Amino acid sequence: VEAYKWIMAKRGEAMDIEQEMMETSQEIQQLYGEMEQEAEAGGGPIADRYGKEIEALENKHKELRAQFDMVMAEIDEFDQYYIGF
């Protein structure tokens with residue numbers, strides 16, 4: 001029963017991280033669209049602002065991906081151990 005609770009919690013955690021990754025990707029795409037409409041063609045302060053915001057979201061996405069990969073590795077290890085019996 002404890003193992004079941006643990007694996008279900010891990011799978012829920014993975015789904016939550018995956019959802020946050022999708023939301024972050026959507027935010028990045030939205031910012032790219034806004035930047036194309038608002039920023040100056042040759043760069044400038046508006047482009048710089050968008051660039052910083054996009055970079056921060058891309059870094060967040062990378063961190064979420066790393067967390068997701070770790071949780072999935074734990075799930076895979078659990079599945080291999082328990083399903084292997």
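## E38 and its partner R49

In this predicted model, E38 has a relative accessibility of 45% and therefore counts as partly exposed, since the range for that class runs between 20% and 50%. E38 forms a salt bridge with R49, in which the closest N and O atoms are 4.0 Å apart. This pair links distant parts of the chain, with R49 in helix α2 and E38 in helix α1, 11 residues apart. R49 is likewise assigned to the partly exposed class, its relative accessible area being 39%.

## R49 and E53 within helix α2

R49 also takes part in a salt bridge with E53, where the closest N and O atoms lie 3.2 Å from one another. Both E53 and R49 belong to helix α2, and the four residues that separate them correspond to about one turn of the helix. E53 counts as partly exposed, with a relative accessibility of 30%.

## E20 and K60 between the helices

E20 and K60 form a salt bridge whose closest N and O atoms are 3.6 Å apart. Because E20 lies in helix α1 (residues 2–38) and K60 in helix α2 (residues 45–83), the pair ties together parts that are 40 residues apart in sequence. E20 is partly exposed at 32% relative accessibility, and K60 is partly exposed with a relative accessible area of 32%.

The structure holds seven salt bridges, among them the pairs E38 with R49, E53 with R49 and E20 with K60.

Definitions and conventions: Residues are numbered from 1 along each chain as its sequence is written. This is a predicted model: local features need pLDDT of at least 70, side-chain atom pairs count only at pLDDT 80 or more; totals for chains, interfaces and linings use all residues. Side-chain values use heavy atoms; hydrogens and water are left out. A salt bridge is a side-chain nitrogen of Lys or Arg within 4 Å of a carboxyl oxygen of Asp or Glu. Helices (H or I, at least four residues) and strands (E, at least two) are DSSP runs, numbered from the N terminus. Buried means under 20% relative accessible area, exposed over 50%, partly exposed in between (1.4 Å probe, protein chains only).
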